[in-house]
Amino acid sequence: FGSREFCQQGSPVPPWHRTLRLSPAMVEGHKMKIKIGKALPLYKLVPIPEVVQGEGTVARIGELALKMGIKKPLIVTDEILMQQGFIQDCMKSLESNGLSYALYDKVLPNPTTEQCNAGLAIYQSEKCDSLIAFGGGSPMDCCKMIGCLVSNPQPMASYAGFGKATLFGLRKIPPLIAVPTTAGTGSETSAGAVVTLAEKKLKVVVADFGLVPKVAVLDPVVVKNLPQPITAATGMDALTHAVESYLSVWRRPASGPLALYSVERVFKYLLRTYDNGHDMEAREQMLRASFDAASAFNMTNLGYVHAIAHQFGGLFHTPHGVANCMVLPLVLDFFADGPDALVDDLANLAIAAGLGSHYETYDEAHKRALGRKFIAKVREMSAHMKVPTYVEGMKKEHVDDIVTRAFNEAHGLNNALDFGYPIPKYLTHADAAKIVSSLLPPGERPSKL
């Protein structure tokens, strides 16, 4: 909820970013916001897409579109996916059901306002009435923003924050069918999108329940040829979504089980998909894990891992899943330490991951051990998949700015209406600097952390 902004490399940094420290008063102010946010029943308004799941379900898109009353969708994707042939299966399905379509396939990673406006021009000139997002997070985000421009034409900077894109559903985007081609972003069910304001070189996060697609098509055939690095990064992205949702102060009766189901699937199936991309059962289960994790965080929001990872992506173009994967165990280490450790929650995550038994009763010492085992397993999975262990291009002098930006995002310091993230335990500036510094390239790391 609220504004999420993070600068890209080379963009100007406001001077207050360099000096602001989180004070006790700021912490108490954030806690009050989180308490208010928890009391609001907004999570009950989160829609969940209809799910069409299984091998070959892309071939049913025409049938689904017909049932939804769609006449001419705009397919939003990228040129690489066009070359792989999966979009053609979607097109054939539309044609066989007597439907025409238009195509925008120029989406690039980290979509910009310019790309969204280009897609809008095609939507309008072709007289489309609906949208099909086919791709990873970037085509999904671009497609959602095209929908916002159709239903609520405004400068895209004005959509940043919560509820501003569709005015809490008063200006609904056109019907949207989402086909994820990675298993991790969860964009096919999430209420968010990230767009880069080209003129400012600034990323903003748009959050609005009206952005949730009507239908999610989870076809493992589409993801079977994903390269191993993308399988790893997106899979760990899904795990991060599930873990941060489960640890959120805003955890709900409906979100907790979804998060744990997602954790269970990731631990059971991610390494299988990494080692054998044509394992269709594992691919399908990872698609479901991603969907469930995003459905969970729609109700609970996220936490420190994303707050820090966003800065790595904005400043150094670190892939989002890779950034999350690097930061996750370090933040969990902090949550596992001290008298205020999240002992029960981390033990429950370990049990969901298959590291303990649902039928055993554990004392506190054993619960702490389970939590540590869970964190160690996260690191072990990352090492198996050869996920990078440092942020390329980061230098010692960047650490302070990164921490401050991450705190601005996590604690809702960008504006008075920004709730920030409902984090369960507060980092100090020094704690966060230690985490960030541990991800410096080897030659940049201080001798003692």
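Student: Where is T112 found?

Tutor: Keep in mind that this is a predicted model. Strand β4 covers 102–104 and helix α5 covers 113–125. T112 is found in the loop between β4 and α5.

Student: Is T112 buried or exposed, and what is its relative accessible area?

Tutor: The cut-off for buried is under 20% relative accessible area. T112 falls under that, so it counts as buried, with a value of 15%.

Student: Which residues is T112 in contact with, leaving aside its neighbours within four places in sequence?

Tutor: T112 sits in the loop between β4 and α5. Once its neighbours within four places in sequence are set aside, the contacts are V195, T196 and A198.

Student: Which exposed residues are carried by the face of α1 turned away from its buried side?

Tutor: The buried side has V27, H30, K33, I34 and G37, and what covers them includes α15 (399–410). The face turned away from that side carries P24, A25, K35 and A39.

Student: How far apart are the end C-alpha atoms of α10?

Tutor: Helix α10 takes in residues 280–300, which is 21 residues. At 1.5 Å a residue they should span 30 Å. The end C-alpha atoms agree with that, at 30 Å.

Student: How many residues of α10 are buried?

Tutor: Buried means under 20% relative accessible area. By that cut-off α10 is mostly covered, with a buried count of 17 of its 21 residues.

Student: At the start of α10, which backbone nitrogen does a side-chain oxygen of D279 reach?

Tutor: At the other end, α10 is followed by N301, with a positive phi near 65 degrees. At the start, the side-chain oxygen of D279 comes within 3.3 Å of the backbone nitrogen of E281.

Student: What is the distance in space between L346 and L247?

Tutor: L346 is found in helix α13, residues 343–352, and is buried, with a relative accessible area of 2%. Leaving aside neighbours within four places in sequence, its contacts are L332, F335, A336, G371 and F374. L247 is 99 residues away in sequence, but C-alpha to C-alpha the distance is 8.2 Å.

Student: How is α9 placed relative to α13: parallel, perpendicular or oblique?

Tutor: Helix α9 (residues 255–275) packs on α13 with the axes 8 Å apart. L260, V263 and E264 in α9 meet N348, L349 and A352 in α13. The angle between the two helices is about 50 degrees. That makes α9 oblique to α13.

Conventions. Residues numbered from 1 in each chain as written. Predicted model: local features only at pLDDT ≥ 70, side-chain atom pairs only at ≥ 80, totals over all residues. Heavy atoms only, no water. Buried < 20%, exposed > 50% of the residue type's maximum accessible area, 1.4 Å probe, protein only. Helix = DSSP H or I, 4+ residues; strand = E, 2+ residues; numbered from the N terminus. Contact = heavy atoms within 4.5 Å. Expected span 1.5 Å × (residues − 1). Polar contact = N/O pair within 3.5 Å; in protein donor to acceptor, adjacent residues only side chain to side chain. Axes fitted to C-alpha atoms, helices over the stretch in contact; angles between N-to-C directions. Parallel < 35°, antiparallel > 145°, perpendicular 65-115°, else oblique.
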